[in-house]
Amino acid sequence: NLRPDSVAWNHGSLRSFKPGFESQPGRHTLLRNMNESIKLKENYALVQLKIESLLEDESDWVSAMATVVSELHNNFSYFDWTGFYRVTSPNLLKIGPYQGSHGCLTIPFSKGICGAAARKKKTQLVPNVHEREDHIACSSSTLSEIVVPVMDSNQNVLAVLDIDSDTENVFSSSDRDFLEKLCKYLGKKYS
């Protein structure tokens with residue numbers, strides 16, 4: 001639905017139909033950010049297709065988590081620690097498949113950002129982990145984090161997908177939207 005004042009693709013590059021847009025301050029930053037956002041969404045779509053294809057005939061939950069972690073960790077350079085924490089008993093998370101440096105082995109639902117995601121059954125997007133009192137410092141280099149719960153059809157938490165970055169404020173709404181969609185798919189398939 002292109003309108004005369006919208007931004008559109010033109011032979012592989014962004015251009016504006018709004019008169020005078022090219023002389024507006026900050027236009028290069030705006031175009032670069034829009035281009036990066038479009039590329040990120042395209043990359044997420046490809047990763048989602050690849051994960052679904054790889055897991056099509058896979059029934060083992062641990063194998064599925066390992067595959068997802070590998071795909072995410074190797075396709076997004078700002079994912080410095082990528083892994084699952086599994087619910088192993090009431091109100092307790094234990095480390096599952098992950099990539100990156102060592103993670104915390106056990107996290108109660110009452111502690112940390114992972115615990116909050118499991119307890120509240122809601123994504124936790126944290127731009128600066130040092131501003132969250134409940135942050136557990138499994139790695140001193142982590143600056144931002146996103147944790148998404150994986151829930152079964154009865155809305156019970158199976159696991160949380162935890163992604164840490166050594167860059168502050170790196171996760172966007174595009175990251176959140178994709179990871180929530182992915183975790184919903186996993187919860188439906190493996191519950």
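A polar contact is a pair of N or O atoms within 3.5 Å, where, within protein, one atom must be able to donate a hydrogen and the other to accept it. Keep that idea in hand as we walk through this structure, which is a predicted model.

Let's begin with helix 2, which covers residues 61-75. Several of its residues are buried, among them Trp61, Val68, Val69, Leu72 and His73.

His73 leads us to the next stop. Its side chain makes a polar contact of 2.9 Å with the side chain of Thr82, a residue of strand 3 (residues 81-89). Is Thr82 buried or exposed? With a relative accessibility of 0%, Thr82 counts as buried, because buried means under 20%. Setting aside neighbours within four places in sequence, Thr82 is in contact with Val69, Leu72 and His73, and also with Pro97, Tyr98, Gln99, Asp162 and Ile163.

Now look for the aromatic rings. The structure holds 11 aromatic pairs. In one of them, Trp81 and Tyr85 are stacked, with 5.8 Å from centre to centre and 20° between the planes. Both partners are tucked away: Trp81 is buried at a relative accessible area of 6%, and Tyr85 is buried at 1%. Elsewhere, ring pairs join Tyr44, Phe76, Tyr78, Phe79, Phe171 and Phe178 into a cluster.

What about cysteines? A disulfide is a covalent bond between the sulfur atoms of two cysteines. How many disulfides does a search of the whole structure find? The count is zero. Cys114 is buried, with a relative accessible area of 4%, and Cys183 is buried too, at 2%.

We finish in the loops, with a detail of the backbone. Lys121 has a positive phi of about 55°, although it is not a glycine. You will find Lys121 in the loop between helix 3 (112-120) and strand 6 (124-126), and its relative accessibility of 39% makes it partly exposed. Asn169 likewise has a positive phi, near 55°, and is a residue other than glycine. Asn169 sits in the loop between strand 8 (157-165) and helix 4 (173-189). Is Asn169 buried or exposed? At 51% relative accessibility, Asn169 counts as exposed, because exposed means over 50%.

Methods: Residues are numbered from 1 along each chain as its sequence is written. This is a predicted model: local features need pLDDT of at least 70, side-chain atom pairs count only at pLDDT 80 or more; totals for chains, interfaces and linings use all residues. Side-chain values use heavy atoms; hydrogens and water are left out. Helices (H or I, at least four residues) and strands (E, at least two) are DSSP runs, numbered from the N terminus. The expected span of a helix is 1.5 Å times one less than its number of residues. Buried means under 20% relative accessible area, exposed over 50%, partly exposed in between (1.4 Å probe, protein chains only). Rings of Phe, Tyr and Trp (its six-membered ring) pair if their centres lie within 6.5 Å; planes under 30 degrees apart count as stacked, over 60 as edge-to-face and the rest as tilted. Contact means heavy atoms within 4.5 Å. A disulfide is a pair of cysteine sulfur atoms within 2.5 Å.
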